[in-house]
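Hi,

Here is the structure I promised to pass on to you. Have a look at it first, and then read my notes below.

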Amino acid sequence: MPILVEGYQEASCLVKTKKNDLLLMGKLSTIRESYIDLTGTRNNLPEIPYQTPVKIEVYQSQLGFKVLEGSVYLSSPLLLRIIQLKEAAASEQREYFRINVNRSGYVYDSKMKETKVELIDISLGGLMFQSEEEFEEDQEITIRTSFLDTASVLHCVVRRCVQLLGEKAGESSRMGYGCEFTELNAQQEDQIYRYMLKKQNDQLNQMI
C-alpha cells in the first residue's frame, strides 16, 4: 500500500536534508508503494547524489501535512525519485517544518491587554515570539499578525519560556515564548502554510 493516498498527487512538497537544509521545492507527480516521484514547479531540479537521505514535507489543503523520510534513487533536472520511504512519527510531524520569521505582532491576554512582540519562528503547530513583557507557561493568549498581507488572529497557549541573548554587544536579553495553536482552522492553516512556502521559495531564489 502506498505511503500516501492518491489525494496527495500534485501536492506541493519540499525536500530537505536530514539537518533541515532546503534542497528543492516541487510537486508529487507519482505515488507508488515503493517510491514517489517529484517534478519541478518552476525551473529544472538540482541534482542530488544517489542514496542521499532526505526529508519530504508534503501539504495538501484538505488532507493536511505529512513528513516522510527516504533516500534518493534517481535525480535529474526533470525528475527526483525517492525510495525507502517511511513516515515520521506523529509527534514530529509539525515540528519538522519550522521557519524563521522577522515580523511584528500583537499579543492580547485574558484582560485584552495589548503587547507588541516580535515573531521569531513559526510552524503549523505553533510559533515563538520575543517580548520584554512577561508571560507564564500554560497562559492562554491571542496573537494578531498578518501573513501574505492578510490579517490573522491566532489563539495560543504558552508552552515554554526561554531566555534569549541579545544579538548585539550590550543589548539586553529578552524572553522567548514558545506557543501552541489551540484553535487553528483550515483556512488559517492554509494561509500560514502558503506564507511558509513563499518564504522557502524566496530562500530558493537566493540560492540560484
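How many bridges pair S9 with strand S12, and in which sense do they run? S9 and S12 (residues 174-181) pair over six bridges in the antiparallel sense. In this pairing, Met128 stands opposite Gly178 in S12.

Before going further, please note that this is a predicted model, where local features need pLDDT of at least 70 and side-chain atom pairs count only at pLDDT 80 or more, while totals for chains, interfaces and linings use all residues. Residues are numbered from 1 along each chain as its sequence is written, and side-chain values use heavy atoms, with hydrogens and water left out.

Strands (E, at least two residues) and helices (H or I, at least four) are DSSP runs numbered from the N terminus, and two strands pair if DSSP finds at least two bridges between them.

Now to the barrel. Six strands form a closed barrel in the order S7-S8-S9-S12-S11-S10, with antiparallel pairing. S7 (residues 98-108) and S8 (residues 114-123) are joined by nine bridges and run antiparallel, with Tyr106 opposite Lys116 in S8. Five residues lie between the strands of this hairpin, and Met112 there takes a positive phi near 65°.

Next, the aromatic rings. A pair needs ring centres within 6.5 Å (Phe, Tyr and Trp, the last by its six-membered ring); planes under 30 degrees apart are stacked, over 60 edge-to-face, and the rest tilted. The whole structure holds five aromatic pairs. One of them is Phe135 with Tyr177, which is edge-to-face because the centres are 5.3 Å apart and the planes stand at 80°. Phe135 sits in the loop between S9 and strand S10 (140-147) and Tyr177 in S12, so this pair ties together parts 42 residues apart in sequence.

Enjoy exploring!

Best wishes
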